[in-house]
Amino acid sequence: MGAGKSAGAGWQQTQVLIRSDIIAAAEREHLDISDECNRVLAKRLGIEYLPILTIKPPVESRGIIAPVIVPTVRAIRAPVAPPVINAEDPTVPGKVLMERKERKAPAATKPRAPPQEPALPHAVAPTVPAVPAKVAPKTGRKGKKEDAIKRFVSTRIMRETDESPDAIIAKDDLYQRFERWCRDHDYATIPDRRTFFVALKNKYALAERTVGGVPSWISIRIK
């Protein structure tokens, strides 16, 4: 690497790895890389550096150690050697003559197939819209369990504000009345006892109490 010369100092060539983009930028700015490297190192080491003249190294080198690229050599296939003919085989001359005739003879033309008539499209049966099946009319009331309880409470139970003895009815008695009412109104499914009692207590907020040892509903009357 060539650089500026200072008094009493010699020169020594060395290799420095410098990034390619830095070298390209330095060349665009026409900078002397050796001079710049010597200037920075002298300042870092506290050595006086006075560039007098620029000495180019005998061998131009930018200090870049490029990786050795080994060119890939494609494998060259040797031409396939023709098969070896056994001279002692008496059938060899006949085979050779036959192969020569086959090479010289023009390729046999295949007979053309007669033109085929275009196939007629298959007849497609007209699509008949499906007729929905007739649904038999419903007879009687086949509503849900909740519908039966809701209709019974709204039509047969009357609430009272006081707790008079006339406004008390046993739970079993009320359920029996509910069963008869469902049969009279043609309900196919009758809610069971537990479902009926839970709905009256949680959904319709009827008050319950044990009166004389009998579980009963209070503050209601039957219409």
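S219 is placed in the loop that runs between β4 (214-218) and β5 (220-222). The description rests on a predicted model. With a relative accessibility of 14%, S219 counts as buried, because buried residues are those under 20% relative accessible area. When neighbours within four places in sequence are left aside, S219 is in contact with M158, R159, E160, D162, E163 and A167.

Y175 belongs to helix α5, which covers residues 171-184. Its relative accessibility is 5%, so Y175 also counts as buried. Once residues up to four places away in sequence are excluded, Y175 touches I190, P191, D192, R193, F196 and F197. With R193 there is also a polar approach: a polar atom of the Y175 side chain lies 3.4 Å from the backbone nitrogen of R193. R194 stands 19 residues from Y175 in sequence, and the C-alpha atoms of Y175 and R194 are 9.9 Å apart in space.

Turning to the cysteines, the structure holds zero disulfides. C37 counts as partly exposed at 25% relative accessibility, whereas C182 is buried, its relative accessible area being 0%.

The table collects the accessibility values.

| Residue | Relative accessibility | Class |
|---|---|---|
| S219 | 14% | buried |
| Y175 | 5% | buried |
| C37 | 25% | partly exposed |
| C182 | 0% | buried |

Methods:
Residues are numbered from 1 along each chain as its sequence is written. This is a predicted model: local features need pLDDT of at least 70, side-chain atom pairs count only at pLDDT 80 or more; totals for chains, interfaces and linings use all residues. Side-chain values use heavy atoms; hydrogens and water are left out. Helices (H or I, at least four residues) and strands (E, at least two) are DSSP runs, numbered from the N terminus. Buried means under 20% relative accessible area, exposed over 50%, partly exposed in between (1.4 Å probe, protein chains only). Contact means heavy atoms within 4.5 Å. A polar contact is a pair of N or O atoms within 3.5 Å; within protein, one must be able to donate a hydrogen and the other to accept it, and residues adjacent in sequence count only if both atoms are side-chain atoms. A disulfide is a pair of cysteine sulfur atoms within 2.5 Å.
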